[in-house]
Amino acid sequence: MNSLTSKEYDPKDLPAAFIKVYGESQEKINLFSSPARINIIGEHIDYNGGKVFPAAINKYLYVAIRKRKDTKIIYNDIRFPGTFEFDVNDNFVYDKENNYANYLNGILSQLKAKGYKFDCGFEILMVSNIPAGGGISSSSALECGFAYAVSETFGFNLDRITIAKLGQMSEHNFMNVNCGIMDQFIIATGKKNSATLLDCNTLEYEYAPLELGDYKFVVMNTNKKRRLADSKYNERRSQCEAALKILQDGGVKIEALCQLTPAKWEEVKSLIKDETLLKRANHCIYENQRVLSAVQALKAGNLAELGQLLNQSHASLKNDYEVTGIELDTLAETAQKQEGCLGARMTGAGFGGCGIALVHKDNLEAFVENVQKEYTAKIGYEAGFFACDSGDGVAWYKD
């Protein structure tokens, strides 16, 4: 998506489209929404005992679901042609040929493993206004939206944290992807006009106000295919573990790097002689402090300070954690220079993917035009941009 506006599917059209695909029935069509998310600040510290600060945004996937008289399960998607058919009594297993249906079957497999029973089949029609591959968790929106739709339709009444855990378990046990829980958690529990301060280890969380006034977050997609992210993620994780062990062996009583305050870190960092390990730990400790400072800045309504924290986060991810790359650096650093932009940074794993920028609404068009021009000149192809507001987590859709 290369502009701030694009044609989005109107979910009010979904019930009529559903009947066109499946026909009439005595059973009720239920309609649900599931958001994308951004992580405002707190990158690569969730696995180091740090906190993250994500928000659900107003880009949604919609799920229409209706019970059937038989045991058949049928999936259709408005944007992706092709029908997938299964049975509630199937032993669901991953199959590459099943495409997006794997995400749905993964949820069903975990529900059945927990003892939930289906007294009949159901049919699904979905449509998403979330840019696929945009780094804002379209797959987690699919998992959690589907899990919530099934839970509500069949009376399982799963709470939102269970919905999040279900999405993560599906990734781990069915998709064989060892993901964290941030994406599923914020998509399941998000609240409009709020961001969530989350400890990914304990799942302790609190909402913080996300009152941005005349400013909006702009998501900036590098449109780069990420090849390094997984291997470099594992490398960074092991480097952080090595730094932690050195500190522990030196008598520092901590279980995770982010348990150190910046002041305490400055006292003990001389224990680490390796320059690379020193930089990795430095990012973790100061990034965790930036998360806490961002929460305080928002509570005080200080958007300028939030913007500065975004800039500092990007610089740390570039220089200390070394996970940005020329594409993300070009986006973030060009964005930071634009009129009306309070701050910008990469978000996500890095080496491609997305950045975010906090931009005044009156400057949005000029911002995109200027950043796009410089990015294309330097990188050789276009980035994608869209502005967003905060949104609610998974919900029954109400127009």
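User: In which hand of crossing does helix 8 pass helix 9, and how do I read such a term?

Analyst: A crossing is called left-handed if the near helix is turned anticlockwise from the far one by less than a right angle, and right-handed if clockwise; here helix 8 passes helix 9 in a left-handed crossing. This is a predicted model, in which local features need pLDDT of at least 70 and side-chain atom pairs count only at pLDDT 80 or more, while totals for chains, interfaces and linings use all residues. Residues are numbered from 1 along each chain as its sequence is written, and side-chain values use heavy atoms, with hydrogens and water left out.

User: What counts as a helix, and what should the span of helix 8 be?

Analyst: Helices are DSSP runs of H or I with at least four residues, numbered from the N terminus, and the expected span is 1.5 Å times one less than the number of residues. For the 25 residues of helix 8 (residues 275–299) this gives 36 Å, which agrees with the 36 Å between its end C-alpha atoms.

User: At what angle do helix 8 and helix 9 pack?

Analyst: Axes are lines fitted to C-alpha atoms, for helices over the stretch in contact, and angles between N-to-C directions run from 0 to 180 degrees. Helix 8 and helix 9 (residues 303–319) pack at about 165°, with their axes 10 Å apart. That makes the two helices roughly antiparallel, since angles over 145 degrees count as such, those under 35 as roughly parallel, 65 to 115 as roughly perpendicular and the rest as oblique.

User: Which residues of helix 8 and helix 9 meet?

Analyst: Contact means heavy atoms within 4.5 Å; among the residues that meet are Lys-279, His-283 and Glu-287 in helix 8, and Leu-303, Glu-305 and Leu-306 in helix 9. The residues of this contact divide into seven nonpolar, six polar and four charged, where Ala, Val, Leu, Ile, Met, Phe, Trp, Tyr, Cys and Pro count as nonpolar, Asp, Glu, Lys and Arg as charged, and the others, Gly among them, as polar.

User: How do helix 4 and helix 5 cross, and how do helix 3 and helix 4 pack?

Analyst: The axes of helix 4 (residues 160–175) and helix 5 (residues 182–189) come within 8 Å and cross at roughly 150°, which makes them roughly antiparallel, and their crossing is right-handed. Helix 3 (residues 138–153) and helix 4 pack at about 125°, with axes 9 Å apart, and are therefore oblique to each other; the crossing of helix 3 and helix 4 is right-handed.
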